[in-house]
Amino acid sequence: MRFLLTDEQREFARTLDGMLGASGTPAVVRAWAAGEQKPGRELWARVAAADVFALAVPERHRGMGPLPVELALSFVELGRHAVPGPLVETVAAAALLERLGEEAGAAGVWLPRIAAGDAVVSLCAGAPYALDADAADAVLVVQGDTVRRTDAHGPVQPSLDPARRLARPLGGTVLAGGPAVTAAAAHAVDVARLATAAQSLGLGRALLAATVAYAEQRTQFQVPIGSFQAVKHRLADTLIGLEFAQPLVYAAALALAAGAPSAGREVAAAKVAAGEAGYAAARTALQLHGALGYTAEPALSLWIRKARPLRDAWGTPADCRARVLAG
C-alpha cells in the first residue's frame, strides 16, 4: 500500500505545529505538574479551537469525525510540543461514548462538550489509576462489562513524568453494562493506543531535532561532537526507528478508519514501534546531552521524562506484542 498525506492534512499539521510552537508549552507543562490548571485549560481551549477533539466526535454530536488519520496527525503535533493533560483519554472517552450511543445515556450530553473543548474527560480502563482525574470534569471507569462515571478520586500519586498526575477514581454512577460495554471499551483502547503511539512519534521527533541541534553546536577537541562517527551512528539509529514507526502509525489509523478486522493488531504494532522509538530518542537525547536531562531546569527534561510513561501507557510493549501475536 502506498500512502501519502493530502495537502490539506499536511497544512492542518503545519498550522497546529505553528500554533503550539507559539504557546510556550514548557511553562504550561511546569504549571500543570504543579497542579496549576489555568494555563493548561487555556491551551486546551486553543487545541479545541483547532478542531482536534472534534475529530473524535461524530457529526451528529457537533463533531467532524471520527477521523483516525487526522487524529493521529494531531497527536503527533501534541506529542512534539509535549502538551499536558488527558488528551488521549478524552478522545478515547469520546470513542467509548460514541460506540455506546444512547445506551449510556451520556453521549448526547458529553460528546458535544468534548468536541467544543468545554469538557476534559479522563478514561480509566484496565488500570487502577486515571490520568489527571483532579483536572477532569468527569472520569469514566470501565470495569469488566460495566462503565461508570465519577467525579471523586483519591490523592494524586507521583509519576515519572510530573505532568502525568495519577489518581485512583472512587465510587461513581453506573452508566451502562453488558457486552456492548466490552466491545465499546475495546474500541476505545484501540483509539487510545493509536493516539499514544502518535504522541510518542511526535515526542521522538522533537527529541531527535533538539539532539541534532545540540550535536552541531557542542564542540569537543575543537570540532562539533556531531562530526564523531559514534554520535552519527546513534543519531542515525534513532532516526531509523522513528522512520519505521511512522508508516505503522498511519497504517493503523487507516485500518481503524476502515473498521478493518486487523485494526486492533495494527494499532498494537504501531504502539510498540512508536513507543520504543520515542523511548530510544529520549535515551539518545539524554546521553548525547551529557545527562543534562536529569536536571529539572532545562526544558529538555520535560520531553525526556514523558517518553517511558508514553511507551507503557495503554498497553506495555509486552501487552501490545501479545496482541499482535494473538491475531
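Colleague: Before we start on this predicted model, what does buried mean here?

Modeller: Happy to begin there. A residue is exposed when its relative accessible area is over 50% and partly exposed in between. Buried is the other end of that scale, under 20%.

Colleague: Thanks! Which residues of helix H6 are buried?

Modeller: Helix H6 covers residues 107-116. Among the elements covering its buried residues are helix H3, helix H5 and strand E3. The buried residues themselves are Ala 107, Trp 110, Leu 111, Pro 112, Ile 114 and Ala 115.

Colleague: And which residue with a positive phi follows H6?

Modeller: Phi there is near 80 degrees. The residue is Gly 117.

Colleague: Why does Val 121 count as buried?

Modeller: Val 121 is found in strand E1, and E1 is one of the elements covering the buried residues of H6. Its contacts beyond four places in sequence include Trp 110 and Ile 114, along with Ala 136, Ala 138 and Leu 140. Buried means under 20% relative accessible area, and Val 121 counts as buried because its relative accessibility is 2%.

Colleague: Let's turn to Lys 271. How far away is the nearest side chain of opposite charge?

Modeller: Lys 271 lies in helix H9, residues 263-288, and is buried. A salt bridge needs the charged atoms within 4 Å, and Lys 271 has none. The nearest side chain of opposite charge belongs to Asp 312, at 6.2 Å.

Colleague: Which backbone oxygen does the side chain of Lys 271 reach?

Modeller: Beyond four places in sequence, Lys 271 is in contact with residues including Arg 193, Thr 196, Trp 314 and Cys 320. Its side chain reaches a backbone oxygen at 3.3 Å, that of Leu 310.

Colleague: Last one: is the peptide bond from Gly 65 to Pro 66 cis or trans?

Modeller: Most peptide bonds are trans. Pro 66 is found in the loop between H3 and helix H4. Omega for the bond from Gly 65 is near 5 degrees, making the bond cis.

Technical notes. Residues numbered from 1 in each chain as written. Predicted model: local features only at pLDDT ≥ 70, side-chain atom pairs only at ≥ 80, totals over all residues. Heavy atoms only, no water. Helix = DSSP H or I, 4+ residues; strand = E, 2+ residues; numbered from the N terminus. Buried < 20%, exposed > 50% of the residue type's maximum accessible area, 1.4 Å probe, protein only. Lys, Arg positive; Asp, Glu negative; His and termini not counted. Polar contact = N/O pair within 3.5 Å; in protein donor to acceptor, adjacent residues only side chain to side chain. Contact = heavy atoms within 4.5 Å.
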